[in-house]
Amino acid sequence: MIEDTILQSKYENGQEQSITITKSISQGRDVRGVGSDIKLGDVIMKKGETIGPAELGLLASCGLSEIDVFSKPIIGIMSTGDEVIDSFTNQSLQPGQIYDANRPLLQGLLSSYSNCIEIIDFGIIPDSENKLFPALEEAIDKIDILITSGGVSMGEVDLVKKWMQDNGSIEFGRVLMKPGKPLTFATFNRNNKTKLMFATPGNPVSSYVTSILFVIPSIRSLIGIEDPNYPKIEITLRHNIRLDPQRPEYHRATAWWDKNDGIFYGQSTGSQASSRLLSMRSANALLELPQSSETLQKGDKVSALLIGEL
């Protein structure tokens, strides 16, 4: 180290000519031996790990210019409905119309995996067979997973589910959960390749929660992540919560770690209406509440999926 030397003389140009080393030097000091960084047989990366800048450097340092990776799945998103208007068009709403929140929120949800997937936005498609059905056919041919919102409930113009029935194999058509009961999942065979389609409900919270629970784990599996599910924690409630007697509920909540008590606490984000996106704004957890006519009390412990940062 330069700190362990004393300059004795310089050349005319100012460069060092001679120095005195003030500390003894052992043989091999400051010499990096072959294999001292990575030993023969060491595993430098495991299947399912994401390749970032450090990993690229690590692979290059081992002389690897090519490796086998999972192909990037192509994810399509589509909103449906005559009443749905693209907020980016600066178009004023007319009576009976709403701005499309689902495509932007799904794009935001998928952005965490933008280096591992490709995203195609198929826009907003009206509720008519002559427009919706060709759009769905085109989309399913281009993607690995298609996420739609709307068109799967019980209305006369809920045509998405009808198209899925006629062109694919519906694996399930409803889910006993709140929110997101109308969620429909189907598979399609195109050119000897299986395509997946998640038709999420039109209500924004329902679309968001079902995508967290079903779509994201599927994408994580496709890109090779070993454990595709969100982590679970045990939360102690800070207030009472009335349970739903009809369905299990994924209740939006804010969770935090209390270092003094050594436990996670959680509280509801308020009204859990499936159209109320404000209930997701500060939510970093989904409380897994059972179907029951009872009320959970303050201090009770419940399981929760951690979907955001603490």
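The lining of the largest pocket comprises 11 nonpolar, 4 polar and 5 charged residues; here Ala, Val, Leu, Ile, Met, Phe, Trp, Tyr, Cys and Pro count as nonpolar, Asp, Glu, Lys and Arg as charged, and the others, Gly among them, as polar. The model is predicted: local features need pLDDT of at least 70 and side-chain atom pairs count only at pLDDT 80 or more, whereas totals for chains, interfaces and linings use all residues. Residues are numbered from 1 along each chain as its sequence is written, and side-chain values use heavy atoms, without hydrogens and water.

A pocket is an open set of points on a 1 Å grid over the protein atoms alone, where a 1.4 Å probe fits, with protein on both sides within 12 Å along at least five of seven lines; its lining residues have an atom within 4 Å of a point. Of its 20 lining residues, Glu49, Thr50, Ile51, Val69 and Phe70 are closest to the centre.

The interior holds a nonpolar core, a set of buried Ala, Val, Leu, Ile, Met, Phe, Trp, Tyr and Cys residues joined through side-chain atoms within 4.5 Å, where buried means under 20% relative accessible area with a 1.4 Å probe and protein chains only. The largest such core has 31 residues, of which Leu110, Ile117, Ile147, Ile212 and Ile219 touch the most other members. Its largest share, 8 residues, comes from H5, a helix defined as a DSSP run (H or I) of at least four residues, numbered from the N terminus.

Key. Buried < 20%, exposed > 50% of the residue type's maximum accessible area, 1.4 Å probe, protein only. Helix = DSSP H or I, 4+ residues; strand = E, 2+ residues; numbered from the N terminus.
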